[in-house]
Amino acid sequence: MQPLTRVEGRAIPLGLKNVDTDIIIPAKWLKTISREGLGAGAFESLRAEPGNVFDDPAYKGAPILIAGDNYGCGSSREHAAWAMLDLGIRVVIAPSFSDIHSGNAVKNGILPVVLPQDAVDRLLEVAREGLEIAIDLEAQTVTTPYQDRFTFDIDPFRKHCLLHGLDEVGLTMARGEAIGGFEATRTAAQPWLMRGTAA
Amino acid sequence: MASRPRTLYEKIWDAHVVETRDDGTALIYIDRHLVHEVTSPQAFEALKVAGRPVRRPELTLAVPDHNLPTTARIDAKGAPVPIADPESAAQLAALEVNAPAFGIRYIPATAKEQGIVHVVGPEQGFSLPGTTIVCGDSHTACHGGLGALAFGIGTSEVEHVLATQTLLLQQSKPMEVRVEGDLGPGISAKDLILHIIGRIGAAGGSGYVIEYLGAVFQRMTVEERLTVCNMSIEAGARAGLIAPDDTTFAYIKGRPMAPQGAEWDAAVAYWRTLHSDDGAMFAKSVTINAADVEPSVTWGTSPEDVVPIGGRVPSPEDFADESKRVAVQKSLDYMGLVPGTPMTEVPIENVFIGSCTNSRIEDLRAAASILRGRHKAGNVRWAIVVPGSGLVKAQAEDEGLDRIFTDAGFEWREPGCSACLGMNPDKVPPGERCASTSNRNFVGRQGPGARTHLVSPAMAAAAAVTGRLTDVRELV
């Protein structure tokens with residue numbers, strides 16, 4: 001995945017709460033066996049509405065999305081993250097995220113920024129003026145041309161992976177010995193747990 | 001020194017920590033992994049590209065369900081029926097090739113054991129109490145009904161589990177939903193979980209794992225418990241748990257992949273320790289009075305939009321929160337509903353009985369008991385029953401339930417996810433309503449423009465009979 005350190009640009013002022021992953025990418029787009037090209041179906045039902053923010057030229061190619069509470073709720077489909085990435089979105093700012101979707105986002109180099117509702121409301125105002133917002137992951141800040149400055153929390157491991165674009169599978173495979181030790185203990189104490197489909 | 005009292009969630013978590021990292025994340029061992037055709041192809045592809053094997057193939061079970069058509073799979077000559085949509089066919093073919101190529105047990109579409117992953121796992125004895133269970137599907141929470149820590153994961157995590165049999169996780173906070181008293185006559189597990197989601201909201205469980213506590217859950221069958229835990233994700237909780245007990249053990253005993261003999265006795269002895277200790281601390285607690293639960297129905301486009309069947313369509317003004325008022329208006333516009341309308345006056349054109357929430361044998365029996373000797377109303381255009389697995393289907397046919405459904409004007413289908421997510425050809429047309437036993441009423445979930453009302457199996461049957469949302473207790 002592509003590292004993410006600083007993102008600066010216009011932001012799509014969506015604002016909606018409970019944006020579920022069926023909204024981000026409807027099921028009919030999930031028949032693909034690839035990760036590519038899902039931007040075509042991204043936010044399809046919202047984009048069917050005239051005057052929607054996604055097709056507004058003012059926000060074309062904006063790398064930041066601002067949404068309401070519980071962003072990415074519902075289905076675990078990682079296609080939602082792939083679709084957002086295909087649209088060029090690298091940062092989503094919202095008061096809260098679903099657990100599964102925020103994990104999927106990070107694994108694809110998208111930064112979920114959690115800020116209180118009043119900060120999100122302020123950023124929505126700035127975004128609607130078409131002004132640029134800057135996100136600095138190292139400093140954990142969001143700033144605007146009006147000198148607004150909001151700081152956000154992020155899990156240190158997620159931050160590390162995002163900053164360096166790390167492959168988590170490779171990192172864990174390097175812990176193979178510890179995993180093997182756990183499996184050996186378990187096989188001795190509770191062998192039925194290790195049988196699975198071989199039972 | 002006595003150890004600190006722990007919740008059930010903490011006990012299962014502690015038993016699966018391979019190592020804890022300095023940053024607070026833990027490497028958690030995964031005991032059981034379910035794979036289906038939609039969220040796995042990119043994971044298998046990544047393994048191939050990197051030349052990585054599957055670490056423990058016997059701990060993964062693959063079965064197609066999401067994309068598979070629910071029409072006949074074998075023709076009159078006994079040959080498999082090809083899948084018309086080339087994209088769907090390619091995705092199903094990918095799983096059929098990938099699973100055996102990586103040494104993973106694969107249940108083909110034509111096998112009698114095929115079904116929805118969350119029906120198949122418990123049915124085969126693959127899902128067991130105290131285990132960690134994952135699947136690239138958010139309704140994996142379902143298996144919590146057996147006392148397993150079960151949750152949905154994305155495709156990158158599917159790849160991670162295949163390669164390492166672990167996940168790197170931050171521990172969630174334990175939350176209790178305590179239900180006091182008894183459910184009234186004719187009130188189902190689905191009514192209860194919809195009521196709970198209505199109370200705590202679609203984000204009320206975010207960051208938590210919910211444990212359901214109270215005698216009402218102890219009296220439930222395993223199938224009812226699976227229904228409750230299944231929808232934990234609709235309250236934002238990644239997982240839900242009900243402590244295993246004798247009911248659980250009786251359900252699991254003798255299933256094909258369950259432990260046997262001396263191992264069975266050792267397993268049960270361990271499973272009996274899996275409950276929250278007296279004095280264990282929950283980070284959040286919600287108490288529900290069971291007597292308040294009526295047959296539940298959703299009116300909007302979030303599973304939190306729940307009212308009792310005797311209630312009315314709400315108005316945006318009923319809500320204090322500004323963003324919720326905006327969302328309510330948007331939902332009402334999408335659903336084509338006018339505030340103040342009694343829910344029992346909402347007409348229904350489609351009925352779907354199925355999904356990982358409500359497609360097990362007890363669900364089909366509950367619906368059939370209402371439909372026996374009755375027929376769907378004239379305005380109900382399309383009514384289908386999609387059993388959760390081939391074994392559920394066979395059991396229902398042995399009991400004659402299929403005849404009750406077809407005599408009532410329902411189509412009797414092959415197992416799969418079907419109209420729950422509108423991915424295969426089973427869709428609700430734009431602008432039409434569906435009384436659905438599934439779990440999500442999201443915009444476009446059952447098809448573009450489809451309007452979903454979530455209900456229990458008995459309530460779906462009642463809506464089919466009268467052609468409108470109906471209090472099933474009037475038909476009993």
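Predicted model: local features only at pLDDT ≥ 70, side-chain atom pairs only at ≥ 80, totals over all residues.

Trainee: Understood. How many residues does the contact take from chain A and from chain B?

Mentor: Chain A contributes 49 residues to the contact and chain B contributes 63 residues. On the side of chain A that touches chain B, at least two residues each come from helix 1 (21-24), helix 4 (99-107), helix 6 (156-164), helix 7 (168-173) and helix 8 (176-189) of chain A.

Trainee: Which helix of chain A gives the most to that side?

Mentor: Helix 4 of chain A does, with five residues. By residue class, the side of chain A that touches chain B has 19 nonpolar, 15 polar and 15 charged residues.

Trainee: Turning to the core, which residues touch the most other members of the largest nonpolar core?

Mentor: They are I66(A), V92(A), I93(A) and V351(B), in a core of 208 residues. Helix 15 (residues 457-466) of chain B gives the most to this core, namely eight residues.

Trainee: What is V92(A) in contact with, leaving aside its neighbours within four places in sequence?

Mentor: V92(A) is then in contact with L65(A), A67(A), Y71(A), A105(A), I110(A), P112(A) and V113(A).

Trainee: How many bridges join strand 7 of chain A to strand 8 of chain A?

Mentor: Three bridges join strand 7 (residues 141-143) of chain A to strand 8 of chain A. V142(A) stands opposite F150(A) in strand 8 of chain A.

Trainee: On to chain B. What does its secondary structure come to?

Mentor: Chain B has 15 helices and 19 strands. Its C-alpha atoms fill a box of roughly 60 × 60 × 45 Å along the principal axes.

Trainee: Why would one say that the radius of gyration of chain B agrees with a compact globule?

Mentor: Because a compact globule of 476 residues would have a radius of gyration near 23 Å, and chain B has 22 Å. Buried residues make up 60% of chain B. Among its contacts between residues at least 6 apart in sequence, 77% join residues at least 24 apart.

Trainee: Which way do the residues of strand 8 of chain B point?

Mentor: T166(B) and L168(B) point one way from strand 8 (residues 166-169) of chain B, while L167(B) and L169(B) point the other way, and all are buried. Strand 8 of chain B pairs with strand 2 (residues 26-29) of chain B in the antiparallel sense over four bridges. L168(B) is the bridge partner of L27(B).

Trainee: Which residues are buried in helix 13 of chain B?

Mentor: In helix 13 (residues 390-398) of chain B, G390(B), L391(B), V392(B), K393(B) and A396(B) are buried. The buried residues of this helix pack against helix 4 (117-123), helix 12 (361-371) and helix 14 (401-407) of chain B. G400(B) follows helix 13 of chain B and has a positive phi, near 80°.

Trainee: Lastly, why is R199(B) classed as partly exposed?

Mentor: R199(B), in helix 6 (residues 189-200) of chain B, is partly exposed because 16 other C-beta atoms lie within 10 Å, whereas a buried residue has 20 or more and an exposed one 12 or fewer. Leaving aside its neighbours within four places in sequence, R199(B) is in contact with V286(B) and I288(B).

Note on methods:
Residues numbered from 1 in each chain as written. Chains lettered and ligands numbered in written order. Contact = placed C-beta atoms within 7 Å. Nonpolar A, V, L, I, M, F, W, Y, C, P; charged D, E, K, R; others polar. Pairing = 2+ DSSP bridges. Core = buried A, V, L, I, M, F, W, Y, C linked by C-beta atoms within 7 Å. Rg over C-alpha atoms; globule rule 2.2 N^0.38 Å.
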